[in-house]
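Dear colleague,

I am handing over the structure below, together with some notes on what was found in it. Please read them beside the coordinates.

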Amino acid sequence: MWLYPTIFVCVILCVVGYWLTVRVGHGIEESGQERDSDIPEPIMEHPFLLNPIILSYIIFGLFTGSIIFYYWAKG
């Protein structure tokens, strides 16, 4: 029952992770620098909100919570 939703969530996480990785790679190529740039202001203000690892844990937690709530409500 949960096979397809789990596959869907995993595929979405992989696509978003790949997209973020490629975007960072293109940003480095376009800048022509080999060194890291300064940290942007929005990330300095909200370091946890824009962290892809933490966002993945939040999505996983919501998905797992919905599974637990479903079985709890089902009784």
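Residues are numbered from 1 along each chain as its sequence is written, and side-chain values use heavy atoms, with hydrogens and water left out.

As for confidence, the mean pLDDT (the predictor's confidence in each residue, from 0 to 100) of the protein chain is 79, and 81% of its residues reach 70 or more. Helix 2 (residues 41–45) has the lowest confidence, at a mean of 76, whereas helix 3 has the highest, at 86. Where pLDDT is low, the predicted coordinates should not be read in detail.

The secondary structure comes to three helices and zero strands (DSSP runs numbered from the N terminus, with helices being H or I of at least four residues and strands E of at least two). Of the 75 residues in the protein chain, 4% are buried (buried means under 20% relative accessible area, exposed over 50%, and partly exposed in between, with a 1.4 Å probe and protein chains only).

Helix 3 has 23 residues and reaches 33 Å from its first C-alpha to its last, close to the 33 Å expected at 1.5 Å a residue (the expected span being 1.5 Å times one less than the number of residues). After helix 3 comes G75, whose phi is positive, near 90 degrees.

A search of the whole structure finds two aromatic pairs (rings of Phe, Tyr and Trp, the last by its six-membered ring, with centres within 6.5 Å; planes under 30 degrees apart count as stacked, over 60 as edge-to-face and the rest as tilted). F69 and W72 form a tilted pair, at 5.7 Å centre to centre and 40 degrees between the planes; both lie in helix 3, three residues apart, about one turn of the helix, and both are exposed. The rings of Y70 and Y71 are edge-to-face, because their planes stand at 75 degrees, with centres 5.2 Å apart. Y70 is partly exposed at a relative accessible area of 30%, and Y71 is partly exposed at 42%.

With best wishes

Key. Predicted model: local features only at pLDDT ≥ 70, side-chain atom pairs only at ≥ 80, totals over all residues.
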